[in-house]
Amino acid sequence: MNQNSAPRNRDGIEQEQFLTILSREEALARFESALFPRPVAHEHRPLADALGRALTEDATAPIDVPPFDRSNVDGFAVRAADLAGASEAAPVRLKLNDEVIACGVAPARPVLSGTATTIATGGPLPRGADAVVMVEHTQPAGARAIEVRRAASPGQFVSYAGSDIARGEAVLRAGSTIGSREIGMLAACGIARVPVARRPRVAVISTGDELVQPGASLRPAAIYDSNGAIVAAAINENGGEAVFYGAVADDERALEAAMRKALAESDMLALSGGTSKGAGDVSHRIVNRLGKPGIVAHGVALKPGKPLCLAVCDGKPVVILPGFPTSAMFTFHDMIVPVLRRMAGLPPRTDAKVSATVPVRIASELGRTEFVMVSLVGGADGLIAYPTSKGSGAITSFAQADGFLRIDALADQMPAGTHAEVTLFTPHVRVPDLVIVGSHCTGLDLVTAPLARAGLSVRSIAVGSLGGLAAAKRGECDLAPIHLFDDKTETYNTPFLSGGLELVPGYRRMQGIVFRKGDARFEGLSAEEAVRAALADPACIMVNRNQGAGTRILIDRLLGGARPDGYFNQPRSHNAVAAAVAQHRADWGMTIAPVAQAAGLGFIPFAEEHYDFALVTARRDRPAVQAFLQSLASDESRTALTEAGFRPA
Ligand code: AMP
Ligand code: MG
């Protein structure tokens with residue numbers, strides 16, 4: 001089946017469309033029915049290599065465990081009948097046989113009536129003996145005899161042969177996953193090799209002209225290949241054996257050659273990128289030439305992850321994950337892991353789930369199953385799940401999230417206050433000790449560093465000053481970092497506080513004009529003069545900031561109503577402004593001194609901004625809050641802040 005077609009749009013540029021978008025359930029069903037049922041390939045592996053694999057046949061015990069009647073204590077092997085009348089008042093004297101049964105010593109003499117044999121824990125019971133008495137309940141009686149002060153029942157302190165595992169018993173069933181305990185049982189039976197499912201060999205290829213491998217230096221317009229590493233690791237985590245074939249450029253012939261070689265050498269092929277049907281996206285076209293039936297789903301109603309392409313080529317699964325790392329990972333876990341685990345003979349993955357309240361409304365696209373990554377923090381009535389998504393292009397949202405929630409395809413939103421089920425990325429949630437929600441700043445990391453060293457976990461969620469204040473008012477965080485200027489009072493932050501919140505002075509950040517060092521248009525000028533010079537030069541391009549940012553207010557004040565070229569380029573961070581200027585996409589902008597300093601740019605100071613903390617008073621006495629306040633006031637943090645270009649309050 002080929003769902004691709006190439007209608008021409010108005011500009012006459014060939015543009016392919018996703019003509020058939022399948023629901024995630026339909027796409028998965030088509031993929032699975034093209035692949036299964038199929039026998040699980042197996043091999044015999046030494047026990048040490050069997051860890052994490054699925055056993056493909058029942059393992060039966062070739063021997064009894066223990067293989068002989070075994071003493072459980074250090075003491076004496078006896079005949080219980082001899083001790084029938086033994087007590088503290090009337091100890092029974094037994095003659096000691098002339099042998100000591102240590103572990104690994106096979107007994108040679110019988111225990112006859114009236115005698116006992118010294119035996120260690122783990123020693124085999126001699127002929128005639130039917131019980132063991134503990135050394136603690138005896139005392140020496142002359143050279144070669146003991147006195148026993150207690151009666152013994154037959155079988156006392158004896159483990160009988162086969163009582164643990166009986167010869168012929170199935171110790172492990174086919175399909176069970178082999179962990180350390182299973183390995184222990186097999187070893188106890190003397191089994192050295194077991195039939196296990198072969199780990200499917202999965203070839204991993206990244207595609208894109210822009211990709212550079214980690215470790216190499218980044219050329220202009222290039223990015224590091226993160227999918228290659230994360231997809232390979234996720235394959236290994238789910239029973240596969242990833243083989244990374246590197247990143248291949250968007251060249252149809254080169255890519256086809258690489259894909260054919262990788263598929264021939266593997267059981268499965270996992271590509272990322274090039275599936276979006278944009279210019280240069282060629283991988284999905286190649287897939288249909290690799291074998292039958294070819295593509296079974298291209299375009300799935302998932303968000304993120306719509307461009308996912310699933311194919312089966314002559315019995316082997318071929319998947320093209322979307323290029324955006326977050327999309328690649330969600331689709332991998334949701335759609336590829338079930339198939340991979342089945343090929344590896346493993347049971348479906350059991351994800352740990354918790355229930356949490358969503359504090360804000362989350363909009364969702366109707367018609368697509370949406371996954372939203374969340375950070376968990378502890379609230380007054382249980383867990384709170386903060387959406388952390390920065391869009392499907394962001395990799396950090398994955399690392400900072402604890403898990404994700406799912407919004408049904410038929411819902412257009414998840415209302416604030418919803419109790420949602422959160423699937424955890426790792427089985428254990430650790431609720432952070434300190435929760436900071438608000439405007440993020442690199443200086444904040446310097447203040448929280450000592451807390452991390454003291455073993456306190458800090459979760460910092462960047463939602464901007466106003467979002468932080470709202471979270472603090474709802475009591476969802478300990479501290480909200482804010483930098484809000486009030487026009488009326490011409491002061492920072494204090495006017496924005498309300499009941500239950502108090503201001504903790506933080507530090508000052510110098511805002512100013514950034515430009516490339518040596519740019520004669522700006523060197524040596526004041527901020528006002530620099531902006532006048534920029535406005536006078538029609539070739540000069542600025543970079544602005546988003547509406548609502550404190551920095552934007554300052555820029556507008558300097559521009560006095562002018563809207564030069566670049567005014568509508570409005571990135572949302574201090575760092576993006578510096579990057580635009582450093583990379584010649586703009587000639588000037590406004591950012592904070594530490595960012596300009598780190599980017600090696602020229603800087604003209606303009607106005608100092610107050611970056612303070614709105615503290616939820618009810619949380620002031622919590623140990624982590626106290627630790628934060630101490631760190632903020634400490635010489636160590638103040639020095640670190642000063643060195644980075646901030647001015648502690
Ligand atoms: P594509 O699906 O190839 O159009 O890629 C979509 C986006 O994901 C682009 O921004 C790519 O640069 C990015 N991307 C593609 N492959 C990778 C990769 N292996 N690692 C990181 N980002 C990638
Ligand atoms: Mg690409």
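Mentor: Start at Pro 66, which sits in the loop between strand E2 (59-60) and strand E3 (70-71). The model is predicted, so to speak: local features need pLDDT of at least 70, side-chain atom pairs count only at pLDDT 80 or more, and totals for chains, interfaces and linings use all residues. Residues are numbered from 1 along each chain as its sequence is written, chains are lettered from A and ligands numbered from 1 in the order in which they are written, and side-chain values use heavy atoms, with hydrogens and water left out.

Trainee: Why is Asp 314 called exposed?

Mentor: Exposed means over 50% relative accessible area, buried under 20%, and partly exposed in between, with a 1.4 Å probe and protein chains only. Asp 314 has 56%, so it counts as exposed. Its loop lies between E20 and strand E21 (316-321). Asp 314 also has a positive phi of about 45°, although it isn't a glycine.

Trainee: What puts His 584 in the exposed class?

Mentor: Its relative accessible area is 57%, so His 584 is exposed. His 584 is in the loop between H12 and strand E36 (588-592), and its phi is positive too, near 65°.

Trainee: How do you know that Ala 328 is buried?

Mentor: Ala 328 has 0% relative accessibility, so it counts as buried. You'll find Ala 328 in helix H6.

Trainee: Now the rings. How many aromatic pairs are there?

Mentor: The structure holds 11. Rings of Phe, Tyr and Trp (its six-membered ring) pair if their centres lie within 6.5 Å; planes under 30 degrees apart are stacked, over 60 edge-to-face, and the rest tilted.

Trainee: Why is the pair of Phe 330 and Phe 404 called edge-to-face?

Mentor: Their ring centres are 5.1 Å apart and their planes stand at 90°, so the pair is edge-to-face. Phe 330 lies in helix H6 and Phe 404 in strand E26, so the pair ties together parts 74 residues apart in sequence. Both Phe 330 and Phe 404 are buried.

Trainee: What makes Tyr 567 and Phe 568 an edge-to-face pair?

Mentor: Centres 5.3 Å apart and planes at 80°, so the pair is edge-to-face. Tyr 567 has 4% relative accessibility, so it counts as buried, but Phe 568 has 62%, so it counts as exposed.

Trainee: What makes you say that Arg 342 lies over the face of Phe 36?

Mentor: A charge sits over a ring if NZ of Lys or CZ of Arg is within 6 Å of the ring centre and within 35 degrees of the ring normal. Arg 342 is at 3.9 Å from the ring centre of Phe 36 and lies over its face.

Trainee: On to the space inside. What volume does the largest pocket have?

Mentor: About 1,200 Å³. A pocket is an open set of points on a 1 Å grid over the protein atoms alone, where a 1.4 Å probe fits, with protein on both sides within 12 Å along at least five of seven lines; lining residues have an atom within 4 Å of a point. Of the 40 lining residues, Gly 438, His 440, Ala 462, Val 463 and Gly 464 are closest to the centre.

Trainee: How do you know where the largest pocket lies between domains?

Mentor: Domain 4 (353-424) and domain 5 (434-649) both give residues to its lining, so the largest pocket lies between them. The domain bounds come from an automatic or database domain assignment.

Trainee: Why is the second largest pocket placed between two domains?

Mentor: Domain 1 (24-37 + 199-343) and domain 4 both give residues to the lining, so the second largest pocket lies between them. H6 supplies the largest share of that lining, 7 residues.

Terms used:
Grid points are joined across faces, edges and corners, and a volume is the space filled by probe spheres set on the points. Helices (H or I, at least four residues) and strands (E, at least two) are DSSP runs, numbered from the N terminus.
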